[in-house]
Amino acid sequence: MKNFILTTLLIAFTLSCLYSQTRKIEVENLKNRYEKGQIKIYEYQEMSKKWHNIINNYYEYPDLPFDTNSKEIHYINNFTFQGLNKQNIFARILEYSAINFKSMDAVIVHKDFKSGKIILKGYFDVNYIEDYNNFWKSEKEKVNSLKCYSTYIFTIIDNRLKIDVQNIFYETFIKGEATGSYYVPDRYFDYSINMLLPITNSEIVEWKGRFSILNETDNGIKDLIYSIEKFIQEYISDYNF
């Protein structure tokens, strides 16, 4: 009977998250938590209901590029630029960095034309929506923000470019608070994007916030990659005057 209930719930849960690697992790994690007795059947039902609500009313599950070997999330994109060469592409990446990151020294950690390598470290702001329980244990919603840092590795061969985005982590501000006779001052806390997964390993009240952060991060990184590609593509028109 237990196996029948588990199978029924698992099918319902899976319908809302067609498999990508990270979606598969979510399904397997919830299943394992139930099988190991970490959650009761009513909790499993509540989690499945909450999951459907978030998926249907707030977010699609982000298609995150999860590397099954390294167990890390990183983005790899390959481009070919007709009419451009290695020198053109190399120069455009440096120009893009100077324009968009203000201080090149602050973001460029390595550049070598001979090997065709440029390594940048940058960040963008992530504004996200999260739930929280108020004083009366009622679930409310608020907007929060944090910084998303990552490493961008550019590899250039002739007119081809590979952009590899990895080492993604967040920096969040924690306001100081008094605890008894002690005062904990304001501080910053860093954590890897991998700590947000599996979403189903956290308390239900945290799910929407994690969904929101992952979606905004995914959109932010893809937008940045697109803007870099577009800037390189515009090399010819830039000098056609």
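Let's start at Ser150, which counts as buried at 3% relative accessibility; buried means under 20% relative accessible area, exposed means over 50%, and partly exposed is in between (1.4 Å probe, protein chains only). This is a predicted model, where local features need pLDDT of at least 70 and side-chain atom pairs count only at pLDDT 80 or more, while totals for chains, interfaces and linings use all residues. Residues are numbered from 1 along each chain as its sequence is written, and side-chain values use heavy atoms, with hydrogens and water left out.

Ser150 sits in strand β6. Helices (H or I, at least four residues) and strands (E, at least two) are DSSP runs, numbered from the N terminus. The Ser150 side chain makes a polar contact with the side chain of Tyr152, at 3.1 Å. A polar contact here is a pair of N or O atoms within 3.5 Å; within protein, one must be able to donate a hydrogen and the other to accept it, and residues adjacent in sequence count only if both atoms are side-chain atoms. Leave aside the neighbours within four places in sequence, and Ser150 is in contact (heavy atoms within 4.5 Å) with Leu120, Lys121, Gly122, Val165, Gln166, Asn167 and Ile168.

Now step back to the whole chain. The protein chain has 7 helices and 10 strands, and buried residues make up 43% of its 241 residues. Take the contacts with a separation of 6 or more: 60% of them are between residues 24 or more positions apart.

What about the inside? In soluble globular proteins, nonpolar side chains tend to be buried together. The largest nonpolar core here has 57 residues, and Phe154, Leu161 and Tyr170 are those with the most contacts inside it. A nonpolar core is a set of buried Ala, Val, Leu, Ile, Met, Phe, Trp, Tyr and Cys residues joined through side-chain atoms within 4.5 Å. Among the elements that each supply at least two residues of this core are α2 (21-35), α3 (41-57), β5 (117-133), β6 (139-157) and β7 (160-174). Helix α6 gives the most, with 10 residues.

Next, the aromatic rings. Rings of Phe, Tyr and Trp (its six-membered ring) pair if their centres lie within 6.5 Å; planes under 30 degrees apart count as stacked, over 60 as edge-to-face and the rest as tilted. By this rule there are 11 aromatic pairs. One of them joins Trp51 and Trp207 edge-to-face, 5.6 Å centre to centre with 85° between the planes. Trp51 lies in helix α3 and Trp207 in helix α6, so this pair ties together parts that are 156 residues apart in sequence. Trp51 is buried at 0% relative accessibility, and Trp207 is buried with a relative accessible area of 0%. The Tyr123 and Tyr149 pair is tilted, because the ring centres are 5.1 Å apart and the planes are at 40°. Tyr123 is in strand β5 and Tyr149 in strand β6, so parts 26 residues apart in sequence are tied together. Tyr123 is partly exposed at 44%, and Tyr149 counts as partly exposed at 21%. Back with the tryptophans, Trp51, Trp207 and Phe211 form one aromatic cluster.

A charge sits over a ring if NZ of Lys or CZ of Arg is within 6 Å of the ring centre and within 35 degrees of the ring normal. The charged end of Lys86 sits over the ring of Phe113, 4.9 Å from its centre, and Arg92 lies over the face of Phe231 at 3.9 Å from the ring centre.

Two last stops. Asn77, in strand β3, is partly exposed at 27% relative accessibility. Asn77 and Ile225 are 148 residues apart in sequence, and their C-alpha atoms are 8.2 Å apart. Lys175 lies in the loop between β7 and β8 (177-179) and counts as exposed at 61% relative accessibility. Not counting residues up to four places away in sequence, Lys175 touches Asp186 and Arg187.
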